[in-house]
Amino acid sequence: MRILGIDPGYGRIGYGLLDKTGNKFKTVNYGVIYTDKELDLPSRLHQIQNSIYELVNKYEPDESSVEELFFFRNVTTAIQVGEARGVILVSLVEKNIPIYEYTPFQIKQAVTGYGRAEKGQIQRTLKLLLNLKKTPTPDDAADALAAAFCHGNFRGVNFAK
């Protein structure tokens with residue numbers, strides 16, 4: 001099973017792809033989709049949609065794991081990230097990729113065993129769990145890998161929505 005993990009945003013969208021066979025994970029790829037800061041929000045959302053299509057067409061994931069929005073101090077940013085997240089979800093639906101959503105707490109719990117783990121701890125743990133040569137960076141990509149790993153662990157359990 002191939003899982004596409006996504007850490008939503010509108011300027012930077014993290015993605016991570018894992019293959020899971022039995023209880024073993026293999027990292028396929030991870031990275032960040034960047035949108036052009038000079039463009040208006042609708043154009044950036046269109047870039048996100050096209051990038052999600054490209055990822056799905058290239059890697060053909062079986063399922064997706066998308067981090068839920070949790071807390072924002074800046075309401076404007078929260079709205080923009082929410083709009084980007086909506087585009088991501090619709091893009092996955094249009095490509096017939098099942099979507100599973102997890103809170104940041106659930107993702108951290110799945111990776112480190114501690115739901116309030118810091119980013120560095122998540123990155124170091126992913127390096128060990130996925131047998132990576134280097135710690136996954138940037139944060140957005142590591143968070144997306146963590147979302148994919150979370151889904152791989154909890155797939156089929158009532159934990160997944």
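Helix α3 (residues 104–112) lies across β4 (63–67) and β5, at about 90 degrees to β5. Contact here means heavy atoms within 4.5 Å. Helices (H or I, at least four residues) and strands (E, at least two) are DSSP runs, numbered from the N terminus. Axes are lines fitted to C-alpha atoms, for helices over the stretch in contact, and angles run from 0 to 180 degrees between N-to-C directions.

This is a predicted model: local features need pLDDT of at least 70, side-chain atom pairs count only at pLDDT 80 or more, and totals for chains, interfaces and linings use all residues. Residues are numbered from 1 along each chain as its sequence is written, and side-chain values use heavy atoms, leaving out hydrogens and water.

Now the sheet. Five strands form an open, mixed sheet, in the order β3-β2-β1-β4-β5. Two strands pair if DSSP finds at least two bridges between them. The edge strands, β3 (24–34) and β5 (99–102), each pair on one side only. Strands β1 (residues 2–7) and β2 (residues 12–21) pair in the antiparallel sense over six bridges. Gly 5 has Gly 16 of β2 as its bridge partner.

| Helix | Lies across | Angle |
|---|---|---|
| α1 (residues 41–59) | β1, β2 and β3 | about 155 degrees to β3 |
| α3 (residues 104–112) | β4 and β5 | about 90 degrees to β5 |

Helix α3 also meets helix α4 (residues 119–129): their axes come within 9 Å and cross at roughly 45 degrees. Lys 108, Val 111 and Thr 112 of α3 make the contact, with Gln 121, Ile 122, Thr 125, Leu 126 and Leu 129 of α4.
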